[in-house]
Amino acid sequence: MQATLDILTWACIAIGAFFLIVGAIGMIRFDDLYARMHAASLIDTMGLGMVMLGLCFQAGWTLTTAKLLMILAFVFFTSPTSTYALVRASLAAGVLPEVAAEGRERAKRASEASG
Amino acid sequence: MTFDNLVTATHMSELINTAMLLFMAVTALAVAKLRNLFAVVMLTGIYSLVAAALYVVLDAVDVAFTEAAVGAGVATVLMLGTLALTKDTEKVTTGGNALKALVLVTITGAVLIWATFDMPLYGDPTAPINEHVAPRYINDSGKETGVPNIVTSVLASYRGYDTMGETFVIFTAAAGVITIIGRAPKKRRRKDKGGSEA
């Protein structure tokens, strides 16, 4: 039983760590503001969620699990709200997202200029 | 009659505390009622200032520092900056059920006040919070850490890991915000070089 819980915890934390790293790399490397915010949202949902789930497996049916789940619920409420407010403010300020066709155009021009 | 005797005989501290709490209550009511947003921002700064003064009277000077710096300083400046981007009067909204809100707030306030009946008296030296680690901090912190201020020794030495975590969090938040929002775009559009700029 404990071994199963340990394996589950390892799996959850590993998946969470993967999403955390992917989100962080995306946050730095993307060119578009909205793409960066999407990458950051990966950290809050999958990264945090999976790590917390793994910790819940370790804590068992105790008060610690309840606290972890409450933290998770709190973050799930506040993170989309702040993302939404930020995106709305960016749109109101006039920052437009880069559509896929423009991205391909830009990449082609970059490769032609350097190649 | 010495000054200390005069203070305790006339209950001067309690009077000052009550007066400042009344100030804060009146300021809060004014913040809720006023429509001019500039006045509201100024009033929130005044609220923080009176709160900082109250903390000084209650002998929590470090908390007063933080409250004055954050509440009366940074928050007011940030709100004034936001106010420069929007209109300066509040939009009047109708509707909403004030009676239900009043009932809910009254019930919550009553439950909170009822919960304070079990707490020990304010400043009681035999209260559990003054018997656990506080005597050790007061007696030994000078010898053990060498820092003259007990609050600083608790923040920096006894609970140093908490302070490190706080610093991590604030730095990561600032770095993340700058990474996501990016810097201001350059004025000239780059036509031929499709570089990677924010």
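Let me begin with Glu98(A), which is partly exposed at a relative accessible area of 32%, where buried means under 20%, exposed over 50% and partly exposed in between, with a 1.4 Å probe and protein chains only. Please keep in mind that this is a predicted model, in which local features need pLDDT of at least 70, side-chain atom pairs count only at pLDDT 80 or more, and totals for chains, interfaces and linings use all residues. Residues are numbered from 1 along each chain as its sequence is written, chains are lettered from A and ligands numbered from 1 in the order in which they are written, and side-chain values use heavy atoms, leaving out hydrogens and water.

Glu98(A) meets Arg106(A) in a salt bridge at 2.8 Å, N to O, the term being used for a side-chain nitrogen of Lys or Arg within 4 Å of a carboxyl oxygen of Asp or Glu. Arg106(A) also forms a salt bridge with Asp31(A), their closest N and O atoms being 3.2 Å apart.

Now to the nonpolar side chains. Which residues make up the largest nonpolar core? The six are Met27(A), Leu33(A), Tyr34(A), Met37(A), Ala40(A) and Ile180(B), where a core is a set of buried Ala, Val, Leu, Ile, Met, Phe, Trp, Tyr and Cys residues joined through side-chain atoms within 4.5 Å. A second, separate core has five residues, among them Met20(B), Met24(B), Val50(B) and Ala51(B).

Finally, a word on confidence: the predictor gives the complex an ipTM of 0.75 and a pTM of 0.65.
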